[in-house]
Amino acid sequence: MKTFLRLSAAAVIAALLSLLLGPVLAIQQMGLVSDKLAHAVAFFLIAVCLEILIWRSTRLLPCLLALAIGGLVELIQGAIGRDASWGDFLADFVGITVAFFVMGGLKPLIDGTGRPGRQAVRTRS
């Protein structure tokens, strides 16, 4: 189960990065989706997926890594002709911050130690 969860997390990160760094989608051009909301949701998911992939770490490490990825995405977007903005980076930060607090409750489920709030001994896998 953990292997499937980790593979799924890696696939989600890859898909989101391809959307963030690929050509602008028609849905974005029509303005049907808020760019800032899309960034916040994308980086919420990236932070949660990094938590799944780096499960032996503290919650802070995946969030800092997600923030670094957000900064790199903005730099790359500026270099490839897409709009890079501080507003997008701030939206990334908001999504990552929400993920940090949500992951506190999800960590026992991700680790396989039981329900949130229960103290359990972490086992190696």
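Let's start at one residue: leaving aside residues up to four places away in sequence, I54 touches L61 and L65, where a contact means heavy atoms within 4.5 Å. I54 sits in the loop between α3 and α4. Its relative accessibility is 26%, so I54 counts as partly exposed; buried means under 20% relative accessible area, exposed over 50%, and partly exposed in between, with a 1.4 Å probe and protein chains only. I54 and R6 are 48 residues apart in sequence, yet their C-alpha atoms are 9.2 Å apart in space.

A word on the model before going on. This is a predicted model, in which local features need pLDDT of at least 70 and side-chain atom pairs count only at pLDDT 80 or more, while totals for chains, interfaces and linings use all residues. Residues are numbered from 1 along each chain as its sequence is written, and side-chain values use heavy atoms, with hydrogens and water left out.

Stepping back, the protein has five helices and zero strands; helices (H or I, at least four residues) and strands (E, at least two) are DSSP runs, numbered from the N terminus. Of the 125 residues, 31% are buried. Among contacts with a separation of 6 or more, 67% join residues 24 or more positions apart.

How do the helices pack? Two packed helices are described by the angle between their axes and the distance between the axes. Here axes are lines fitted to C-alpha atoms, for helices over the stretch in contact, and angles run from 0 to 180 degrees between N-to-C directions. Helix α1 (residues 2-21) packs on helix α3 (residues 35-53) at about 150°, with axes 9 Å apart. The two are therefore roughly antiparallel (under 35 degrees counts as roughly parallel, over 145 as roughly antiparallel, 65 to 115 as roughly perpendicular, and the rest as oblique). Residues in this contact include L5, R6 and L16 of α1, which meet a set in α3 that includes H39, F43 and L50. By class, the contact of α1 with α3 has 16 nonpolar residues, one polar and one charged; Ala, Val, Leu, Ile, Met, Phe, Trp, Tyr, Cys and Pro count as nonpolar, Asp, Glu, Lys and Arg as charged, and the others, Gly among them, as polar.

On to the next pair: the axes of α3 and helix α4 (residues 60-79) come within 9 Å and cross at roughly 135°. That angle makes α3 oblique to α4. Among the residues making the contact are H39, F43 and L50 of α3 and L65 of α4. This contact divides into nine nonpolar, three polar and two charged residues.
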